[in-house]
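Welcome! Take a moment with the sequence and the 3D view before reading on. The notes below are meant as a friendly first tour.

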Amino acid sequence: MADGGPVVHGYPHLETVRSAITALYKRLSYDTVHTFDTSVAPADVAFCDQDDLHLGVQRVAREMVRHLRLPDARMIVSFREMDHAAYVELAAGPEYFIELNDRFRTHRRDIGAALAHEVMHVYLHRLDLAFPGTRDNEILTDTATTYLGAGWLLLDAYREDGASSQKLGYLTPEEFGYVLAKRAIAFGEAPETWFTSAQAYTAYTKGLALARRDEQQPPLTAAGWAGRRRYAKDRRYAVAGGAGAGTGAGAGAGAGAGAESSPRGGAYSFSRESGGAEPLRVSFPCPTCQQRIRLPARGRMRARCGLCRTVLECDT
């Protein structure tokens, strides 16, 4: 929890965030992910100063349990002084003990955000879905909370001005915006109407711009002229070089047969099977779930991601 200190911006955890989205689809399946097609409603987690503190906390905790479909889980919430925003004890259940930072006694509007993250820890624990290392596992938790419909609260808890700042979670505001935008595109939501923080809205628009750029990368037909031209050049390099060639500037010369190389640090890469008899293929990440898709490099075609079922118009 950043409280008064500097808030990190940008996309330092983007690779892990994208891996987390893929992991969610792999562990839950397309059908289960799409049962979370409706986000937590602002009215269901509203918490004002006139509400009884402990009754209000339990009400919001029950809403998070309901949203994540954990009917046999009971959240027992208390407050204490600590450095972090909150902590949950991951036991066998059905009771889970959550501790909230004492500051939430007087910053009640952000209690929903803190509880969303901690209840997601319980959800992922029950799924046995985790990333190695505390940092990456917390990024997974933030990503899952946001993609499954409760993390807009974490972004809305971000506020920053010349005198003070506050941010909950491990993702940067722009990374929260990116994941929220991915969800909005996939489920047809408009989360910008829920924000009470102007800074959160700005971070969301930045994340949305990056999410849209994911849909405009070659070999997708929505790629711009410059991207299509670069892709065509990289494909010519791959064809001319055969199985042992790199695929353009920055790819690294001398890739071995059957290997893949990533042109100019881009998301797509070309490869041939060992021996070079097979046609050239291109692999690239699905713009929805980030699972890599592998297609023959032979022109216009329509592909369907086997993980998230997104239909993609491609010119390979």
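## The second largest pocket

Let's begin with the second largest pocket, which holds about 390 Å³ of space. Its lining is made of 16 residues, and Arg-18, Ala-267, Pro-285, Gln-290 and Arg-292 are the closest to its centre. Keep in mind as you look that this is a predicted model.

Where does the lining come from? Helix H1 (14-28), helix H8 (198-214) and strand E8 (281-285) each supply at least two residues. H1 gives the largest share, with four residues. Sorted by class, the lining of this second largest pocket has seven nonpolar, four polar and five charged residues.

Strand E7 (residues 269-271) runs antiparallel to E8, and three bridges join them. Here Ser-269 has Ser-283 in E8 as its bridge partner.

E8 also pairs with strand E9 (residues 292-296), again in the antiparallel sense, over five bridges. E8 and E9 form a hairpin with six residues between them.

## The largest pocket

Now turn to the largest pocket, with about 570 Å³ of space. Strand E3 (86-89), helix H4 (111-127) and helix H5 (134-147) are the elements that give two or more residues to its lining. In total, 35 residues line this pocket, and His-117, Glu-118, His-121, Glu-138 and Tyr-170 lie nearest its centre.

H4 provides the largest share of the lining, seven residues. By class, the lining of the largest pocket has 20 nonpolar, nine polar and six charged residues.

## The nonpolar core

Nonpolar side chains tend to be buried together in soluble globular proteins. In this model, the largest nonpolar core has 90 residues. Met-64, Met-75, Leu-100, Leu-115 and Tyr-123 have the most contacts inside it. The largest share of this core, eleven residues, comes from H4, the helix that also gives the largest share of the lining of the largest pocket.

Which residues does Leu-100 touch, leaving aside its neighbours within four places in sequence? Leu-100 is in contact with Val-77, Ser-78, Phe-79, Arg-80, Met-82, Ala-85, Ala-86, Ile-111, Ala-114 and Leu-115. One of these partners, Leu-115, is also among the residues with the most contacts inside the core.

Key. Residues are numbered from 1 along each chain as its sequence is written. This is a predicted model: local features need pLDDT of at least 70, side-chain atom pairs count only at pLDDT 80 or more; totals for chains, interfaces and linings use all residues. Side-chain values use heavy atoms; hydrogens and water are left out. On a 1 Å grid over the protein atoms alone, a cavity is a set of points where a 1.4 Å probe fits but cannot get out, and a pocket is an open set with protein on both sides within 12 Å along at least five of seven lines; lining residues have an atom within 4 Å of a point. Grid points are joined across faces, edges and corners, and a volume is the space filled by probe spheres set on the points. Ala, Val, Leu, Ile, Met, Phe, Trp, Tyr, Cys and Pro count as nonpolar, Asp, Glu, Lys and Arg as charged, and the others, Gly among them, as polar. Two strands pair if DSSP finds at least two bridges between them. A nonpolar core is a set of buried Ala, Val, Leu, Ile, Met, Phe, Trp, Tyr and Cys residues joined through side-chain atoms within 4.5 Å. Buried means under 20% relative accessible area, exposed over 50%, partly exposed in between (1.4 Å probe, protein chains only). Contact means heavy atoms within 4.5 Å.
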